[in-house]
Amino acid sequence: MEKAADRQRVLLQHLRPSFTSSSVEDIQSSLSTSICLAGDSAAYHRSSVFGDDVVIVAAFRSALCKSKRGGFKDTYPDDILAPVLKALIDKTKINPSEVGDIVVGSVLAPGSQRASECRMAAFYAGFPETVPIRTVNRQCSSGLQAVADVAAAIKAGFYDIGIGAGLESMTANPMAWEGSVNPRVRLMAQAQDCLLPMGITSENVAQRFSVTRKEQDEAAVDSHRKAAAATAAGRFKDEIIPIKTKIVDPKTGDEKEITVAVDDGIRPNASLSDLSKLKPVFKKDGTTTAGNSSQVSDGAGAVLLMRRSVAMQKGLPILGVFRSFAAVGVDPAIMGVGPAVAIPAAVKDAGLELGDIDLFEINEAFASQFVYCRKKLDLNPEKINVNGGAMAIGHPLGATGARCVATLLHEMRRRGRDCRYGVVSMCIGTGMGAAAVFERGDSCDELTNARKIETHNFLSRDAK
């Protein structure tokens, strides 16, 4: 490393002939091999020492299955999560006792019950009693929030290794409001809008921003087409953990052992003509149908994060680097616009521009909001949900964020040098959006772990 630094100093002296021998000391004080001001892009900043980066060394998920009809309809939620957690240990060979915390995103189950189920799942997976676990609920972004919470805790020094996960069984815990609603809600329009059915918010987005029924149906067909192609090509095999379970025949009660290893909601033959025949679900003259909405699903995902220096000590390959996270608030009546606000915020926090992002995983809660966000941000459709999205794969609320991280990072690794930065984003019920920026794991080293500088004293290939 010292030799590399010396070479940089010599190069800088040649490039700046006005330097005198006395100014070499200034170079010495300003040049750091752990935060290199030259870097690979002056517009791209690194705010931490290379070894302190928070990295992802493994990211897995279950297959996503149709609620009440799919492969997990007779599977307890903890039995969906446990195999995914166990895979993190088995495939990385880490000592489970070294994990500082497990954070699980979950939405619909009663809080204390789901917390207990997650603790049980950790035991089933082989984690000792010394490893704590908790749940987090930021609705549809809960899985991503879990990953962000763990990244923040590692960054803060609370621990060096953690797991961000997500779990949802919409079979066991369907969407419902329990108890009465505070009558005070009638006094405030925004509070009332927090109670709007998600499908109505989709209709609001479509109407307010002129997203047509045809555009929505085309987006749905495209999602199924890409997901079917990805499945056929085996592109999900690296991220999906096969789960042995049982399925019960509702007519006879007979049990059958099965292995669930494929998303079962994908319709390879979905067509525009078929979708156009479906009736609106939420509004008589609306455009939101069962075909252009996300699927109600069961599933789990888990992401293993650690400090880069620890991963290097253990000799673990780095799948991705966690660069930034943003959660924002928007109008509850059009909650689906959340990604259009959250993505720019997260990208800016990472010191990047939208044009720097090579891949996007944007949750397809509804085609209306997905199409709006794509158009609003003027994103290249070829960069978004390249393996399909929630309209085809499914949307188990609390697990979606972790699922998207796994899908994104494995696809980025497949693409190699052509794909450096990726974004995961989703809208959030009651009017929010969340987004996170990731970097491909092998795309930088210690000397290109750069940060933005105000004056360009050093070499940069694209300094402005």
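These legends walk through a few views of one predicted model.

**View 1. The whole chain at a glance.** Of the 464 residues, 56% are buried, meaning under 20% relative accessible area with a 1.4 Å probe, protein chains only.

View 2. The average pLDDT (the predictor's confidence in each residue, from 0 to 100) is 89 for the chain, and 85% of the residues score at least 70. Residues 17-45 fall below 50, yet this stretch has 73 contacts (heavy atoms within 4.5 Å) beyond near neighbours in sequence in the model. Residues 450-464 are also below 50, with 38 such contacts.

**View 3. The largest pocket.** Its volume, the space filled by probe spheres set on grid points joined across faces, edges and corners, is about 1,300 Å³. Of its 45 lining residues, L108, M175, A176, M198 and L397 are the closest to the centre. A pocket is an open set of points on a 1 Å grid over the protein atoms alone, where a 1.4 Å probe fits, with protein on both sides within 12 Å along at least five of seven lines; lining residues have an atom within 4 Å of a point.

**Notes.** Residues are numbered from 1 along each chain as its sequence is written, and side-chain values use heavy atoms, without hydrogens and water. Local features need pLDDT of at least 70 and side-chain atom pairs 80 or more, while totals for chains, interfaces and linings use all residues.

Note on methods
Buried < 20%, exposed > 50% of the residue type's maximum accessible area, 1.4 Å probe, protein only.
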